[in-house]
Amino acid sequence: MTNFFFILQMISGILLIILVLLHSPKGDGIAAIGSASQLFSSQKSAEKGLNKVTYIVGGIFILSTIVLGCLFAG
């Protein structure tokens with residue numbers, strides 16, 4: 001049973017790293033000077049889906065960490 005949670009935690013941790021790196025930066029950066037930030041505003045729906053998947057994977061990671069902590073605490 002603990003092996004399942006170890007594997008689940010490892011997979012969700014790797015997925016969480018990848019998903020966070022896929023997010024677009026929140027600031028405009030240097031693109032704000034020439035108002036080029038408006039060119040890529042159509043990706044908001046893809047960002048919403050990516051946020052949902054990131055929240056789900058993050059929840060799985062946190063729950064597996066709590067379960068493993070409880071299993072090894074006793």
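Predicted model: local features only at pLDDT ≥ 70, side-chain atom pairs only at ≥ 80, totals over all residues.
**Entry 1**

I start with Ile56, which has a relative accessible area of 55%, so I write it down as exposed. Ile56 sits in helix α2.

**Entry 1: the whole chain**

Next I stepped back to see what the chain is built from. I found 2 helices and 0 strands. How much of the chain is buried? Buried residues come to 16% of the 74 residues. I also looked at how far along the sequence the contacts reach. Of the contacts with a separation of 6 or more, 90% are between residues 24 or more positions apart.

**Entry 2: helix α2**

I followed helix α2 from residue 44 to residue 73, which is 30 residues. From its first C-alpha to its last it reaches 43 Å, and that is close to the 44 Å expected at 1.5 Å a residue. Which residues of α2 are buried? My list reads Glu47, Leu50, Thr54, Val57, Gly58, Ser64 and Leu68. I then checked what these buried residues pack against, and the partner is α1, residues 2–22.

**Entry 3: how the two helices meet**

The axes of α1 and α2 come within 8 Å of each other, and they cross at roughly 150°. Angles over 145 degrees count as roughly antiparallel, so α1 and α2 are roughly antiparallel to each other. I noted the handedness of the crossing too: it is left-handed. What kinds of residues make up the contact of α1 with α2? By class, I have 17 nonpolar, 8 polar and no charged residues.

**Entry 4: Ser12, on the α1 side**

I picked Ser12, which has its place in helix α1. Is Ser12 buried or exposed? Its relative accessibility is 4%, so Ser12 counts as buried. Then I looked up what it touches. Leaving out neighbours within four places in sequence, Ser12 is in contact with Val57, Ile60, Phe61 and Ser64. Two of those names, Val57 and Ser64, were already on my list of buried residues in α2.

I also looked up some C-alpha to C-alpha distances from Ser12. Ser12 and Ile62 are 50 residues apart in sequence and 9.3 Å apart in space. For Ser12 and Ile56, the figures are 44 residues along the sequence and 9.6 Å in space.

Ile60 belongs to helix α2. With a relative accessible area of 35%, Ile60 goes down as partly exposed. What is Ile60 in contact with, setting aside neighbours within four places in sequence? I noted Leu8 and Ser12. I checked one C-alpha distance here as well: Ile60 and Ile11, 49 residues apart along the chain, are separated by 10.0 Å.

Thr65 is another residue in helix α2. Its relative accessible area is 33%, so Thr65 is partly exposed. Thr65 and Gln9 are 56 residues apart in sequence, yet their C-alpha atoms are 6.8 Å apart in space.

**Entry 5: Glu47, a buried residue of α2**

I came back to Glu47, which is found in helix α2. Why does Glu47 count as buried? Its relative accessibility is 14%, and the cut-off for buried is under 20%. Which residues does Glu47 touch? Not counting residues up to four places away in sequence, I have His23, Ser24 and Lys26.

**Entry 6: to remember**

I'm keeping three points from today. The chain has 2 helices and 0 strands. The buried residues of α2 pack against α1. The two helices, α1 and α2, are roughly antiparallel, with a left-handed crossing.

Methods. Residues numbered from 1 in each chain as written. Heavy atoms only, no water. Helix = DSSP H or I, 4+ residues; strand = E, 2+ residues; numbered from the N terminus. Expected span 1.5 Å × (residues − 1). Buried < 20%, exposed > 50% of the residue type's maximum accessible area, 1.4 Å probe, protein only. Contact = heavy atoms within 4.5 Å. Axes fitted to C-alpha atoms, helices over the stretch in contact; angles between N-to-C directions. Parallel < 35°, antiparallel > 145°, perpendicular 65-115°, else oblique. Left-handed = near helix turned anticlockwise from the far one by under 90°. Nonpolar A, V, L, I, M, F, W, Y, C, P; charged D, E, K, R; others polar.
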